[in-house]
Amino acid sequence: YAASDPDLLTWVHVAEVSNFLAAHLRYRNPDLSPADQDSYYAEIALIAEQLGARDVPRSRQEVAAYLQRLRPQLLCDERSREVLRLLLDAPSPSLLAKPLGALMMQAGIDLLPDWASAMLDVSQTPLQRSLIRASVKRSAPVLRWAVRNGSVQRAKRRMGISE
């Protein structure tokens, strides 16, 4: 393992941004056009390349092909499961934040492709997924309100962009 490995940087980038987009489509804007999704991938690829990634996919089709190509190389072992356990059992900054943190972790698991869930041996029933999605959608406005002065909102204000 080397954090500067260009292939590893590409993998981390694609895994991250494809799941960010999946969450955005599920919870924020399911109507984001395919062209805008491709623009997102093309624009964000520049950052990955600046960090040292190479052959970064730049469209939905390229991301899907990349993930399909990498699947046979992926390994889920006891270290992977330990990382998952640590994430699921991470301490919360407060008692009030604990249920929300647990919900967000379950929402993250829900975003995994079926093959990844199977590799990690995490499963959710259709009812659980439905409840998770409904809970996130109900919680999202409160979260957006709570981070109303976060970096994204401050940047939008500086640029004159309103919500």
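Q: Let's start with one side chain. Is Y40 buried, partly exposed or exposed?

A: Keep in mind that this is a predicted model. Y40 has a relative accessibility of 24%, so it counts as partly exposed; the cut-off for buried is under 20%.

Q: And what about Y41, buried or exposed?

A: Y41 comes out at a relative accessible area of 5%, so it is buried.

Q: How do I read a pair of aromatic rings?

A: You describe such a pair by how far apart the centres are and by the angle of the planes. Here the count comes to 1 aromatic pair. Its partners are Y40 and Y41: the ring centres sit 5.5 Å apart and the planes meet at 50°, so we call the pair tilted.

Q: Next, helices. What should I look for in α1?

A: The general idea first: an α-helix has 3.6 residues a turn, so residues three or four places apart point the same way. In this model α1 covers residues 6-27, 22 residues in total. From first C-alpha to last it reaches 31 Å, close to the 32 Å expected.

Q: Which residues of α1 are buried, and what do they pack against?

A: The buried ones are T10, H13, V14, V17, S18, L21 and Y27. They pack against α2, α3, α5 and α7.

Q: How do I read a nonpolar core?

A: In soluble globular proteins, nonpolar side chains tend to be buried together. The largest nonpolar core in this model has 9 residues: V14, V17, L21, L32, Y41, V63, Y66, L67 and L70. Both α1 and α3 supply at least two residues each, and α3 gives the most, with 4. Another core lies apart from this one; it has 5 residues, including L103, A107, I132 and V136.

Q: Which residues does V63 touch, if I skip its neighbours within four places in sequence?

A: V63 is in contact with V14, S18, Y41 and P57.

Q: Last one: where is V147, and how accessible is V147?

A: V147 is in the loop between α7 and α8. Its relative accessibility is 46%, so V147 counts as partly exposed. For a sense of spacing, S130 is 17 residues away from V147 along the chain, and their C-alpha atoms are 25 Å apart.

Terms used: Residues numbered from 1 in each chain as written. Predicted model: local features only at pLDDT ≥ 70, side-chain atom pairs only at ≥ 80, totals over all residues. Heavy atoms only, no water. Expected span 1.5 Å × (residues − 1). Buried < 20%, exposed > 50% of the residue type's maximum accessible area, 1.4 Å probe, protein only. Contact = heavy atoms within 4.5 Å. Core = buried A, V, L, I, M, F, W, Y, C linked by side-chain atoms within 4.5 Å. Phe/Tyr/Trp six-rings, centres within 6.5 Å; stacked < 30°, edge-to-face > 60°.
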